[in-house]
Amino acid sequence: MAIIKAQKGTKDILPADIGLWHFMEKTALDIFSRYGAKEIRTPIFEATELFARGVGDTTDIVNKEMYTFEKSERSLTLRPENTAGVVRSFIENGMHRLSAPVKLWYKGPMFRYERPQAGRQRQFHQVGVEVFGIKQPTADAEVIFMATNYLKALGLNNLSVEINSLGCPDCREIFKSKLKEVLKPYLSEMCPDCQTRYEKNPLRLLDCKVPECNEIYAKPEIQSVIQSDFICDDCSSHFEELKTYLNELKIDYSINKLLVRGLDYYNRTVFEIKSNSLGSQNAVCGGGRYDSLVKNLGGEDTPAIGFAMGMERLAALLNEKMEYKTHAFVISNNSLEAIKLTEEVRNAGFSCEFDLTNKKFVKQLEKASKVAKYALILGEDEIAQNKVTVKNLETSEQKTVNRDSKFFI
Ligand code: ATP
Ligand code: MG
């Protein structure tokens, strides 16, 4: 019979790799807790409308990448990202009544129907943070610190932080119309996607990956609009203050005027963290401020900023294997004594195993050296004297001690 395989763009996370995932998850809990963020877990599927309104219907995510299905005449979608779900929960649970800032973090699977390739899956995982209720750039700085400190705690370097300001709806309108004006003569040479973007969301033109479009956008008259400081005084002082915090805390960053991010809801600060060690899918983190989203989804007017990181891309950078070793392996030809000691050690808080098949002593020792840090040897003498021989399997040192649960410490 033909075997059933995992779906294209999905992957099992096998026991050999799970240590890495636990490490990424534990580090997230540790680092984000230091900033006062609490974990939130929202459902994997939501009403399709949440993403249409919350992510934006000019985005690739909503237009091409959603897993949408009908159940009981409702249109549901597997979450392609988690900001919309977290915002829905923030509103539904009245979290605006909590004292600001409300700092939330999440981890979990996301689903996007895209072409699978290295660093790009259809079911992938993100870890992310959302901070609600603060309009000042102190929150922008804190969120960027959370991201960079998390990456640092994972031991990742060779990363670059890029920031940009998209301005507010007012100053951006002026920029958009200037951009449209200079690009008008080239409209027919642009890719079909960019022709649509030109009408619906011209800022996203800058995000295009098609070489012909990039050539157009590299023209001097167009660059002079892109590189101009279009943002208004308020937006500009917000951005300057953020830069001061980043400079003072020695965050290495650069300004990328082409950084517009894929989602529709961002305003003012956007940022991305890229790895210099990954191939073309080199963005590990994307984030930004979204001051109008809570209101647009029916909540109280609440400023917010957040980021999401792709965990498969982090895992690819953390290429060392973190295989778990059992702490101790009991070796004995007396199964009953082996069972007893194994349970004693487990009850004392350590991982412990014994040979369930009662193989020869030497075979047991061989197995122990593969899977464990210590061998606990119970020979006839040890059993008679109520002792145990503890062998360090890395250094081969051994000593015989009384059989109590403190011999590891
Ligand atoms: P890209 O430009 O690579 O498609 P994006 O702008 O769609 O990224 P975001 O929506 O900002 O990505 O998601 C944040 C992070 O999630 C990305 O920086 C990336 O690390 C990760 N990510 C996004 N899509 C995928 C995917 N299909 N497979 C694996 N990781 C992904
Ligand atoms: Mg994408």
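Visitor: What is the strand order of the open sheet of 8 strands?

Guide: Strands (E, at least two residues) and helices (H or I, at least four) are DSSP runs numbered from the N terminus, and two strands pair if DSSP finds at least two bridges between them. Here the order is β1-β5-β6-β11-β10-β9-β7-β8, with mixed pairing. β1 (38-39) and β8 (253-255) are at the edges; each has a single partner strand, so one side of each has no neighbour in the sheet.

This is a predicted model, in which local features need pLDDT of at least 70 and side-chain atom pairs count only at pLDDT 80 or more, while totals for chains, interfaces and linings use all residues. Residues are numbered from 1 along each chain as its sequence is written, chains are lettered from A and ligands numbered from 1 in the order in which they are written, and side-chain values use heavy atoms, leaving out hydrogens and water.

Visitor: In which sense do β9 and β10 pair?

Guide: Strand β9 (residues 267-275) and strand β10 (residues 283-289) are antiparallel, with 6 bridges. In this pair, E272 stands opposite G286 in β10.

Visitor: Which strands does helix α4 touch?

Guide: Contact means heavy atoms within 4.5 Å. Angles, from 0 to 180 degrees, are taken between N-to-C directions of lines fitted to C-alpha atoms, for helices over the stretch in contact. Helix α4 (residues 83-92) touches β5 (102-111) and β6 (123-132), at about 45° to β6. Helix α5 (residues 137-153) also packs on the sheet; among the strands it touches are β7 (159-165) and β11 (304-310), and its direction makes about 15° with that of β11.

Visitor: Which strands stand at the edges of the open sheet of 5 strands?

Guide: The order is β13-β12-β14-β15-β16, with mixed pairing. β13 (352-354) and β16 (398-402) are the edge strands, each pairing on one side only. From one strand to the next, the twist averages 30°.

Visitor: Which residues come nearest to ligand 1?

Guide: A residue counts as near if one of its heavy atoms lies within 4 Å. Of 14 residues around ligand 1, R112, E114, Q121, R261 and A283 come nearest.

A polar contact is a pair of N or O atoms within 3.5 Å. A side-chain N or O atom of R112 is 2.8 Å from an oxygen atom of ligand 1. For a nitrogen atom of ligand 1, the distance is 2.6 Å to a polar side-chain atom of E114.

Visitor: How much of ligand 1 does the protein bury?

Guide: Accessible areas come from the Shrake-Rupley method with a 1.4 Å probe. Ligand 1 alone exposes 590 Å², of which the protein buries 87%. β6, β10 and β11 are the elements that give two or more residues to the shell, and β10 gives the most, with 3 residues.

Note on methods: Polar contact = N/O pair within 3.5 Å; in protein donor to acceptor, adjacent residues only side chain to side chain.
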